[in-house]
Amino acid sequence: LGKAVQNTVDAGKPVLFISERQLLTFHNIQGVPLEPDYERVDLMEMVMSHYRSYLDRFQADLKSQSYALIIAPKYGDLIQENVVWSEENNLWVKDVVLPLNCYYVMSNDGTALYKHGTMAFYKPRTDPCK
């Protein structure tokens, strides 16, 4: 993980940590400016409150491929019905996952295991959605 992020930062390109920000806080990865707005908990809060101006800005940043690398879990894009938390899931998929997958693709590097979790590396698509 550190090498992929460090190579991106060394190339002068921005990295967004949607999750796993503790790697920056505890200096496991250094030299990455923290993007304060788009942390997973904050994104979910904005999704649940239907805060359109925030979500529109996030989606515009994705569309313009503002980040050379995004660190986030591998998100499923399944719309659910009649299951616990399906409404929350569906809003998350609509406002976060689909735009992310439209403009970014999980890297060929696959996923990186860190302790007991899995993180995905997303890189800008060469063929983004229209």
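Me: Why is Tyr54 counted as buried?

Reply: In this predicted model, Tyr54 has a relative accessibility of 7%. Buried means under 20%, so Tyr54 counts as buried.

Me: What makes the pair of Tyr38 and Tyr54 edge-to-face?

Reply: A pair of aromatic rings is described by the distance of the centres and the angle of the planes. The centres of the Tyr38 and Tyr54 rings are 5.8 Å apart, and pairing requires centres within 6.5 Å. Their planes stand at 75°, and an angle over 60 degrees counts as edge-to-face. The pair is therefore edge-to-face.

Me: Which parts of the chain does this pair tie together?

Reply: Tyr38 lies in the loop between α2 (22-25) and α3, while Tyr54 belongs to helix α4, so the pair ties together parts that are 16 residues apart in sequence. Tyr38 is buried, with a relative accessibility of 0%.

Me: How do you know whether the pair of Tyr51 and Tyr54 is stacked or edge-to-face?

Reply: The planes of Tyr51 and Tyr54 are 20° apart, and the centres are 6.2 Å from each other. Planes under 30 degrees apart count as stacked, so this pair is stacked. Tyr51 itself is partly exposed, with a relative accessibility of 43%. Tyr38, Tyr51, Tyr54 and Phe58 form one aromatic cluster, and the count of aromatic pairs in the structure comes to four.

Me: Why are the buried residues of α4 said to be on the same side?

Reply: The buried residues in α4 are Tyr54, Leu55, Phe58, Gln59 and Leu62. They cover an arc of only 125° around the axis, which puts them on the same side of α4. In general, an α-helix has 3.6 residues a turn, so residues three or four places apart point the same way.

Me: How do you know that the span of α4 is close to the expected one?

Reply: Helix α4 has twelve residues and reaches 16 Å from its first C-alpha to its last. The expected value, at 1.5 Å a residue, is 16 Å. After α4 comes Gln65, whose phi is positive, near 50°.

Me: What is noted about the phi values of Glu20 and His50?

Reply: Phi of Glu20 is near 65°, a positive value in a residue other than glycine. Glu20 is placed in the loop between β1 (15-17) and α2. Phi of His50 is also positive, near 55°, and His50 is found in the loop between α3 and α4.

Me: What makes Cys102 and Cys129 a disulfide?

Reply: Their sulfur atoms are 2.1 Å apart, and the cut-off is within 2.5 Å, so the two cysteines form a disulfide. The structure holds one disulfide. The pair links distant parts of the chain, 27 residues apart: Cys102 is in helix α5 (residues 86-103) and Cys129 in the segment after β4 (117-124). Cys102 is buried, at a relative accessible area of 10%, whereas Cys129 is partly exposed at 39%.

Me: Which residues have the most contacts inside the largest nonpolar core?

Reply: Ile18, Leu43, Ile70, Tyr75, Tyr104 and Tyr122 have the most contacts inside this core of 23 residues. Its largest share, six residues, comes from α5. A second, separate core has twelve residues, including Ile29, Val32, Met119 and Phe121.

Terms used: Residues numbered from 1 in each chain as written. Predicted model: local features only at pLDDT ≥ 70, side-chain atom pairs only at ≥ 80, totals over all residues. Heavy atoms only, no water. Helix = DSSP H or I, 4+ residues; strand = E, 2+ residues; numbered from the N terminus. Buried < 20%, exposed > 50% of the residue type's maximum accessible area, 1.4 Å probe, protein only. Core = buried A, V, L, I, M, F, W, Y, C linked by side-chain atoms within 4.5 Å. Phe/Tyr/Trp six-rings, centres within 6.5 Å; stacked < 30°, edge-to-face > 60°. Expected span 1.5 Å × (residues − 1). Arc of directions from axis to C-beta.
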